[in-house]
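Here is a briefing on one chain, grouped by topic. Keep the structure open while reading.

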Amino acid sequence: MSTAFLEHVNITVSDPDATAKRLEAWFGWKVRWKGASLGGGTTYHIGNETSYIAAYTPPEPPNRSDAVSYHTHGGLNHVAVVVDDLDATEERIKAGGYRTHNHGDYEPGRRFYFDDDDGIEFEVVSYTS
């Protein structure tokens, strides 16, 4: 059996501080590190002890893309986060004005999706009964 695990994913966002605040509110994560990064940009590492999202912004505002990621080579289709209480997490997300969609109950869990302010799709899943 492999001991490999996913440590982080690095995504470009419009405002890493705002992204950090949302991830903290939604998932109870914390900023592990923040500072200067590639080419004069800024990066925040937001997560827990074992994994995180690196939210990067370049010194100039990043471009928005209308491309559908599922039709783009190398596109980021979604970020999946496992939570213990799916319903409570969904309520926190909805309280921030986000629309959830594509709810599903399947073996062995339940899930829903939503898009954040930067158009990044999140899948939120729970495997607790």
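In this predicted model, the side chains of aspartate 117 and tyrosine 98 make a polar contact of 2.3 Å. Aspartate 117 sits in the loop between E7 and E8.

**Aspartate 117**

- Aspartate 117 counts as partly exposed, because its relative accessibility is 40%, a value between the cut-offs of 20% and 50%.
- Leaving aside neighbours within four places in sequence, aspartate 117 is in contact with Arg22, Arg64 and Tyr98.
- The side chain of aspartate 117 also has a polar contact of 3.4 Å with the side chain of arginine 22.
- Aspartate 15 is 102 residues away from aspartate 117 in sequence. In space, the two C-alpha atoms are 9.5 Å apart.

**Salt bridges**

- How many salt bridges does the structure hold? The count is six.
- Side chains of opposite charge can pair when their charged atoms come close.
- One of the salt bridges joins aspartate 117 to arginine 22, with 3.4 Å between the closest N and O atoms. This pair links distant parts of the chain: arginine 22 belongs to helix H1, aspartate 117 to the loop between E7 and E8, and 95 residues separate them.
- Arginine 22 forms a salt bridge with aspartate 118 as well, and here the closest N and O atoms are 3.9 Å apart.
- Shared partners join Arg22, Asp116, Asp117 and Asp118 into one network of salt bridges.
- Is arginine 22 buried or exposed? Arginine 22 is buried, because its relative accessible area is 13%, under the 20% cut-off.
- Aspartate 118 is buried too, with a relative accessible area of 15%.
- Aspartate 17 and lysine 21 form a salt bridge through their side chains, at 2.7 Å from N to O. Both residues lie in helix H1, four residues apart, about one turn of the helix.
- Aspartate 17 is partly exposed, at 28% relative accessible area.

**Nonpolar core**

- The largest nonpolar core has 22 residues. Those with the most contacts inside this core are Leu23, Trp26, Phe27, Phe114, Phe122 and Val124.
- Two or more core residues come from each of helices H1 (16-27) and H2 (86-95), and from each of strands E3 (41-47), E4 (52-57), E5 (79-82), E7 (109-115) and E8 (121-126).
- Which element gives the largest share of this core? H1 does, with four residues.
- Beyond neighbours within four places in sequence, phenylalanine 27 is in contact with Val81, Val83, Thr89, Phe122 and Val124.

**Threonine 89**

- Threonine 89 lies in helix H2 and is buried, with a relative accessible area of 2%.
- Apart from neighbours within four places in sequence, threonine 89 has contacts with Trp26, Phe27, Val83 and Val124.
- The side chains of threonine 89 and arginine 92 are joined by a polar contact of 3.1 Å.
- Serine 126 is 37 residues from threonine 89 in sequence. Their C-alpha atoms are 10.0 Å apart in space.

**Threonine 57**

- Threonine 57 has its place in strand E4.
- Why does threonine 57 count as buried? Its relative accessible area is 11%, and buried means under 20%.
- Not counting residues up to four places away in sequence, threonine 57 touches Val13, Ser14, Pro16, Gly41, Thr42 and Pro62.
- A polar atom of the threonine 57 side chain lies 3.0 Å from the backbone oxygen of valine 13.

**Surface patch**

- A nonpolar patch on the surface is formed by Val82, Tyr106 and Tyr127, and together they have about 300 Å² of accessible area.
- Tyrosine 106 lies in strand E6 (residues 100-106). At 32% relative accessible area, tyrosine 106 is partly exposed.

Conventions: Residues numbered from 1 in each chain as written. Predicted model: local features only at pLDDT ≥ 70, side-chain atom pairs only at ≥ 80, totals over all residues. Heavy atoms only, no water. Core = buried A, V, L, I, M, F, W, Y, C linked by side-chain atoms within 4.5 Å. Buried < 20%, exposed > 50% of the residue type's maximum accessible area, 1.4 Å probe, protein only. Contact = heavy atoms within 4.5 Å. Polar contact = N/O pair within 3.5 Å; in protein donor to acceptor, adjacent residues only side chain to side chain. Patch = residues over 30% accessible without salt bridge, like charges linked within 9 Å, V, L, I, M, F, W, Y side chains within 5 Å. Areas by Shrake-Rupley, 256 points an atom, 1.4 Å probe, with all protein chains shown as cover. Salt bridge = Lys/Arg side-chain N within 4 Å of Asp/Glu carboxyl O.
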